[in-house]
There are 2 protein chains.
Amino acid sequence: MKCRLGFTENQGKICRFGIGTCSDLPQKLCGVMAKIQARILKGFRDYLPEDMLARRAMLASVEAVFRKFGFAPLDTPALEYTDVLLGKYGEEGEKLLYRFEDNGGRDVALRYDLTVPLARVVAMNGNLPMPFKRYHIAPVWRAEKPGRGRFREFSQCDADIIGAPGSAAEVDILSVGMAILDALDVKEFTIHVNHRGVFDGLLDGLELYEFEKRAHVVRTIDKLDKIGREKVLHLLSEEVGLDSTGLEIISGFLDIPSGDIDAAESFFASMPKASEAIAALKATFNLAEQAGIASRLKANFAVARGLDYYTGLIYETTLNALPDIGSVMSGGRYDGITDMFGAQAHPAVGISLGVDRLFAALKELGTLQLASTPTQVLVAVFNEDHLSDSFQIAQKLRDAGVHAEVFLGASYRLKKQFRYADRMGIPYIAIQGPDERDEGIVTLRCLKDGQEKKLSVDQIANEI
Amino acid sequence: MKCRLGFTENQGKICRFGIGTCSDLPQKLCGVMAKIQARILKGFRDYLPEDMLARRAMLASVEAVFRKFGFAPLDTPALEYTDVLLGKYGEEGEKLLYRFEDNGGRDVALRYDLTVPLARVVAMNGNLPMPFKRYHIAPVWRAEKPGRGRFREFSQCDADIIGAPGSAAEVDILSVGMAILDALDVKEFTIHVNHRGVFDGLLDGLELYEFEKRAHVVRTIDKLDKIGREKVLHLLSEEVGLDSTGLEIISGFLDIPSGDIDAAESFFASMPKASEAIAALKATFNLAEQAGIASRLKANFAVARGLDYYTGLIYETTLNALPDIGSVMSGGRYDGITDMFGAQAHPAVGISLGVDRLFAALKELGTLQLASTPTQVLVAVFNEDHLSDSFQIAQKLRDAGVHAEVFLGASYRLKKQFRYADRMGIPYIAIQGPDERDEGIVTLRCLKDGQEKKLSVDQIANEI
């Protein structure tokens with residue numbers, strides 16, 4: 001008789017899963033185990049080797065650039081006290097927290113982003129040398145409605161500089177961002193740069209001080225590219241109730257040619273907060289120009305990035321070949337976020353890469369190398385008696401720097417070994433029969449073109 | 001007047017955190033925000049740059065070896081349906097799950113290990129080419145009582161081969177483990193190898209079939225090194241109630257010289273299950289011998305590894321210089337685990353590195369390179385007007401392969417820049433004054449010995 005798991009050998013003795021002796025097992029428990037469906041939560045993903053190899057290669061490039069600019073890695077826990085996260089993401093954001101009571105009755109939540117944990121670390125480590133330049137690549141969790149390209153678990157990839165005010169840190173963070181996009185070979189891109197004070201000043205100029213109305217104006221202008229100028233003005237009149245003076249101001253704002261900081265300077269002359277913002281923007285553009293990194297920056301006064309914690313420069317990045325994919329790299333200055341914990345206030349500026357978007361873009365641009373395995377050579381096994389020869393060949397190949405694996409399947413039929421190499425996308429297969437063994441050579445077959453060469457193991461490394 | 005967060009500029013307007021206008025804010029909310037203590041959950045850790053750089057370097061070595069042997073990376077979600085995890089870790093294990101109801105009312109839990117998610121992936125992807133060799137380095141969560149070296153969030157680092165029966169896969173997985181320990185330079189180590197059937201056969205020989213008693217015997221023998229042979233026999237008599245025949249069998253078992261498979265073969269001749277296990281163990285040792293990797297393997301019939309899902313070979317690894325640190329690399333064969341989901345059964349064998357233990361060992365052995373930053377050269381800023389020169393020098397250094405950062409602090413006093421380099425452990429500082437600028441040279445100062453050299457930017461890369 002078989003148990004519900006299909007096991008017979010332990011009948012009457014120990015359950016293989018260590019739950020108890022078979023006879024001890026309540027039928028219910030066995031039933032539960034036998035019926036469990038292997039399934040994954042909606043909005044969550046497994047990364048199988050092909051995707052994982054390509055993603056890891058992408059992130060390794062990113063990391064190498066971060067380090068070249070002196071950013072150091074940081075990691076923080078997946079779980080935080082809920083109150084550490086509350087009050088930072090707005091009401092809508094807080095609804096998306098994976099929040100629960102842990103076994104000790106603590107109110108905890110899964111990390112929602114990497115910025116608040118950074119602020120917590122800075123607040124808890126008062127002796128960190130400043131400026132503190134860190135990068136952090138890690139998953140975050142948000143209970144959003146899953147959809148195309150929207151997941152409940154996704155990776156964020158942030159670099160931030162804490163403790164550095166002014167244009168120098170902004171140019172530094174924009175430089176590292178550009179260097180990353182160049183390293184990833186995403187082709188042409190544009191970083192659209194704005195200053196948070198521009199919208200603030202504009203809204204002050206409209207004498208709109210109510211939070212919801214301000215947000216509504218910003219959201220509406222944000223749709224400009226999609227719905228066009230006339231529709232924007234119409235909505236602002238209908239939905240926000242802007243009068244003709246207000247609409248005139250907006251109209252003038254929309255008339256500022258994209259990229260023309262001088263025109264913006266004139267337009268905002270009478271709005272002090274906006275003027276200040278334009279001056280700061282100009283300073284950063286000047287330094288970027290002198291440092292030789294300005295060619296892919298463009299002032300764009302319509303960039304909004306929500307009404308969240310930014311206090312200065314803000315930026316978004318579009319790929320010229322794939323504008324519809326949205327911003328692949330965004331961020332800004334957020335002086336003050338570190339004092340949310342009542343600790344010393346520090347200036348801060350950061351950049352965040354859209355890992356999933358960039359990965360999708362690289363796939364679309366065809367710049368990703370796709371493979372299901374790191375193996376370059378499958379060392380075939382002639383038969384059971386020659387198994388140790390195969391292990392020795394594989395080890396010699398590895399010593400020479402080649403990624404090699406011995407075929408480990410149950411049967412050593414050569415056809416089966418070829419099929420395995422083919423399905424895995426392993427480019428070469430090395431075979432040594434008894435005669436070849438006596439000669440000290442190996443047949444190396446390239447699976448792409450079928451060409452075979454008889455080589456010594458040492459020669460194989462050079463061949464590949 | 002300042003708000004509770006210490007802000008004044010938005011008074012009467014928009015709260016910097018986007019919660020509402022200052023006047024809208026209920027005092028309570030402001031109070032909550034102002035009072036939040038930056039703190040971290042017990043049993044959880046931040047990895048600051050110094051630890052993180054060293055850990056990442058360690059894991060990069062590990063990953064490179066996995067890949068050289070043809071293991072491909074896999075990743076799975078942090079959250080799983082709870083029933084997918086239940087019934088696999090025993091009652092005690094299940095109590096440690098971080099389990100909760102998500103916003104959609106689903107019963108979910110944080111990943112407890114990397115083995116069950118692997119089994120789920122294999123069950124859900126029936127078309128994976130076999131053998132499937134994957135590695136997975138990721139955090140897992142267990143609500144254990146935190147203590148010295150015991151955390152509620154910790155990284156596991158596993159490699160497994162699914163779909164490969166027999167000694168070949170076992171030798172492969174032991175080889176990759178040895179290559180990793182060599183790559184990490186942990187000095188001498190011993191892999192203690194046993195077969196699960198040895199204990200099973202011994203317990204059958206004792207005619208002990210009750211789960212709790214079997215576990216008790218194994219746990220007691222597991223203490224041999226600590227409490228000695230006499231005490232073990234005493235406890236087995238007192239606590240388990242073994243009679244003189246039973247104690248004689250155990251006594252004979254303890255007399256088998258460690259490493260002597262032939263002696264074990266004779267001892268177990270009358271216990272069929274144990275004999276079978278010894279034969280399998282012998283086959284693996286023979287292949288390891290022929291493949292040239294046997295020198296650091298040692299048969300050790302006292303290795304228990306709990307009464308969990310293992311079905312064949314089991315192993316633990318001790319560092320000869322640091323035996324007290326416990327096993328740094330363990331695993332075994334666990335044929336059958338993939339059929340817990342009612343999917344096709346596959347043979348499986350795996351190895352798991354103790355990341356925290358290995359890291360502690362490397363620290364103790366002094367083989368870790370500790371630094372707080374990846375930066376090799378701090379490019380100082382002579383004054384505000386020379387800022388862009390510093391950016392250009394840093395970029396040239398990076399182009400030449402040097403990790404370089406521009407000083408981004410608020411004041412350009414040279415003393416302050418030196419102090420920053422010193423605190424960060426940056427080995428070199430590059431300074432260019434106006435005269436040097438005209439000459440096209442830079443002063444490179446080594447912070448260790450205070451030596452200064454006047455060099456062109458191109459020469460700096462060679463110097464470092």
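This is a predicted model: local features need pLDDT of at least 70, side-chain atom pairs count only at pLDDT 80 or more; totals for chains, interfaces and linings use all residues.
Find helix α15 of chain A, residues 387–399, and then helix α13 of chain B, residues 272–291. Their axes come within 8 Å and cross at roughly 45 degrees. On the α15(A) side, the contact is made by A:L387, A:S388, A:F391 and A:Q392, and α13(B) brings B:L287, B:Q290 and B:A291. Sorted by class, that contact has 4 nonpolar residues, 3 polar ones and no charged ones.

Now let's step back to the two chains. How does chain A superpose on chain B? A rotation of 180 degrees does it, with 0.0 Å of shift along the axis and an RMSD of 0.0 Å. The two copies are thus related as by a two-fold rotation axis. If you want to find that axis in chain A, look for A:F100: its C-alpha is the nearest one, 3.2 Å away. Both copies use the same surface, since 100% of the contact residues of chain A recur in chain B.

How many residues does the contact take from each chain? Chain A gives 107 and chain B gives 111. On the chain A side, helix α2, residues 49–68, supplies the largest share, with 6 residues. By class, that side has 58 nonpolar, 22 polar and 27 charged residues.

Finally, let's look inside chain A. There, 8 strands form an open sheet, in the order β1-β5-β6-β11-β10-β9-β7-β8, with mixed pairing. At the edges sit β1 (72–73) and β8 (297–299), each pairing on one side only. Strands β10 (329–333) and β11 (348–353) of chain A pair in the antiparallel sense over 5 bridges, and A:G331 has A:I351 in β11(A) as its bridge partner. Our friend α2(A) packs on this sheet too, touching β5, β6 and β11 of chain A, with its direction about 160 degrees from that of β5(A). Helix α6 of chain A, residues 166–184, also packs on the sheet, and its direction makes about 15 degrees with that of β11(A).

Conventions
Residues are numbered from 1 along each chain as its sequence is written. Chains are lettered from A and ligands numbered from 1 in the order in which they are written. Copies are superposed by least squares on the C-alpha atoms of residues with pLDDT of at least 70 in both. Two residues are in contact if their C-beta atoms, placed from the backbone, lie within 7 Å. Axes are lines fitted to C-alpha atoms, for helices over the stretch in contact, and angles run from 0 to 180 degrees between N-to-C directions. Helices (H or I, at least four residues) and strands (E, at least two) are DSSP runs, numbered from the N terminus. Ala, Val, Leu, Ile, Met, Phe, Trp, Tyr, Cys and Pro count as nonpolar, Asp, Glu, Lys and Arg as charged, and the others, Gly among them, as polar. Two strands pair if DSSP finds at least two bridges between them.
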